[in-house]
Amino acid sequence: MAQKIIGIADLNTGKGGDTLVTYALGSCVGISLWDKEKQQGGLVHIMLPSSRENSSPQDNFRKFADTGINELIQSLGLMGSPKAKLEAKIAGGAKMFSTNSTIFNIGERNVEAVRRYLQLMRIPIKGSDTGLDYGRTVVFHTDTGAFEVKATTKKTVIL
Amino acid sequence: MALTNINQLSEMHLDVLKEIGNIGSGNAASSLSELIMKPTDITVPAVKLLDFNEAINFLGGAEIIALGMLVQLVGDIKGKMIYVIQQAFASHMTETLFGMPIDDLLTMDEMATSFISEVGNIMTASYVNAIASLTNLTIDISVPEMTIDMVGAILSVPAVEFAMTGANKVLFIDDSFIIDGSEVRSNLIFVPETKSLENLFGTLGVTV
């Protein structure tokens, strides 16, 4: 049983009683993938919608929705959890400042990109807590699949 | 060589930004001193380029509650400034002015909130003026916006902007003010558009 902290643009996996934690998602999105039978899964913290925009070869590809989720799928595959066994939960994608002057809402675009990519991979989304204007911390339990979403002024939500 | 993102900034570039930081912090200290009617001094600010995750640790950890103020820069220099105020700084300000410390940023009353946002306005304007006066460029700023939340979530705003340019770092100015004998810190994150950064260095005759 271990607690693993996942930073920005990073991912990790765990099994059994492990908990995977990512702190303070703002416009970023946290995505868990879970294999119920094997009681194992992973969590990725993405920042941007697509590796096709704004990326250079030196980039950390965990920061993009598509390549980040894809790497997590690969890692879980190596642990014996094929894509068809996985289910997803997502949180984040907030708009931290209510500005209208920002040309586009990156949080919302991140959430859309995550949903689109999971659909493409045929991974069902079993729970989500996204959007609005506040930060969220995610604690994901790999044994039960429970996905806790904590915010500073809100009650903790368990997906 | 054209600049594509802040990962490419050299020591010399950072020195220029540090000088801007110096002037900005000096301006800020005198404005602050007028506002709170107490002698306010400043130590030399540190200008840092930090990885996203390092930056969060530097601010005390992702879940620390902070107040963030965002202003948009338009004109010859385009971009954003995000000013991060933590509880200790806010509390010291309100205690100095009203004799009322703040225990928790989340439960601050309206008067304290509006005062702290005024402090934020002054600070960001001081830095913008420093850049404008040093370079003779015209910069306008938007009406500031404020949020109080986990510092990691606030920092995601500039981090994403930098990440869009392929950078994995944020540009930080760490200020220490000495107000009435005690030291308090605040942080400013400057997110210039890459073209604007070239413009800034170009105007100052610094090769990019």
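Visitor: Where does A:A24 lie in chain A?

Guide: This is a predicted model, and in it A:A24 lies in strand β3 of chain A, which covers residues 19-25.

Visitor: Is A:A24 buried or exposed?

Guide: To read burial, look at the relative accessible area; buried means under 20%. A:A24 has a relative accessible area of 3%, so A:A24 is buried. Its backbone is also worth a look: phi of A:A24 is positive, near 50°, in a residue other than glycine.

Visitor: Which value does phi take at B:N136?

Guide: B:N136 has a positive phi too, near 60°, and is likewise a residue other than glycine. Its setting is the loop of chain B between α4 and β5 (139-141). Exposed means over 50% relative accessible area. B:N136 has 71% relative accessibility, so B:N136 counts as exposed.

Visitor: What span should helix α1 of chain B have?

Guide: Count 1.5 Å a residue.

Visitor: Which residues of α1(B) are buried?

Guide: First the general idea. An α-helix has 3.6 residues a turn, so residues three or four places apart point the same way. Now the case here. The buried residues of α1(B) include B:H13, B:L14, B:V16, B:L17, B:I20, B:G21, B:G24 and B:S25. B:A28, B:A29, B:L32 and B:I36 also belong to that list.

Visitor: What do the buried residues of α1(B) pack against?

Guide: They pack against several elements of chain B. The strands are β1 (40-42), β2 (46-51) and β7 (169-179). The helices are α3 (87-98), α4 (110-135) and α6 (194-203).

Visitor: At what angle do α1(B) and α3(B) pack?

Guide: The angle is about 40°, and the axes are 9 Å apart. That makes α1(B) oblique to α3(B). In this contact, B:L32, B:L35 and B:I36 of α1(B) meet B:M93, B:T96 and B:L97 of α3(B). By class, five of the contact residues are nonpolar, one is polar and none is charged.

Visitor: How do α1(B) and α4(B) pack?

Guide: Their angle is about 145°, with the axes 8 Å apart. The crossing of α1(B) past α4(B) is right-handed. Among the contact residues of α1(B) are B:I20, B:G24, B:A28 and B:L35, while those of α4(B) include B:F115, B:V119, B:I122 and B:L134. The classes in this contact are 14 nonpolar, seven polar and one charged.

Visitor: Where does B:T113 lie, and is B:T113 buried or exposed?

Guide: B:T113 is in helix α4 of chain B. Its relative accessible area is 19%, so B:T113 is buried. Leaving out residues up to four places away in sequence, B:T113 touches B:M108 and B:M146.

Visitor: Which residues of α3(B) are buried, and what covers them?

Guide: The buried residues are B:F89, B:A90, B:S91, B:H92, B:M93, B:T94 and B:T96. Their cover includes α1, β4 (79-86), α4, β7 and β8 (182-192) of chain B.

Visitor: At what angle do α3(B) and α4(B) cross?

Guide: They cross at roughly 110°, and their axes come within 10 Å. That makes α3(B) roughly perpendicular to α4(B). From α3(B), the residues in contact are B:F89, B:A90, B:M93, B:T94, B:L97 and B:F98. On the α4(B) side they meet B:M111, B:A112, B:F115, B:I116, B:V119 and B:M123. The contact has eleven nonpolar residues, one polar and no charged.

Visitor: How far apart are B:S186 and B:A90 in sequence and in space?

Guide: Sequence distance and spatial distance are read separately. B:S186 and B:A90 are 96 residues apart in sequence and 9.4 Å apart in space, C-alpha to C-alpha. B:S186 is in strand β8 of chain B. At 1% relative accessibility, B:S186 counts as buried. Apart from neighbours within four places in sequence, its contacts include B:F89, B:M123, B:I173 and B:F177.

How values were computed: Residues are numbered from 1 along each chain as its sequence is written. Chains are lettered from A and ligands numbered from 1 in the order in which they are written. This is a predicted model: local features need pLDDT of at least 70, side-chain atom pairs count only at pLDDT 80 or more; totals for chains, interfaces and linings use all residues. Side-chain values use heavy atoms; hydrogens and water are left out. Helices (H or I, at least four residues) and strands (E, at least two) are DSSP runs, numbered from the N terminus. The expected span of a helix is 1.5 Å times one less than its number of residues. Buried means under 20% relative accessible area, exposed over 50%, partly exposed in between (1.4 Å probe, protein chains only). Contact means heavy atoms within 4.5 Å. Axes are lines fitted to C-alpha atoms, for helices over the stretch in contact, and angles run from 0 to 180 degrees between N-to-C directions. Angles under 35 degrees count as roughly parallel, over 145 as roughly antiparallel, 65 to 115 as roughly perpendicular and the rest as oblique. Ala, Val, Leu, Ile, Met, Phe, Trp, Tyr, Cys and Pro count as nonpolar, Asp, Glu, Lys and Arg as charged, and the others, Gly among them, as polar. A crossing is left-handed if the near helix is turned anticlockwise from the far one by less than a right angle, and right-handed if clockwise.
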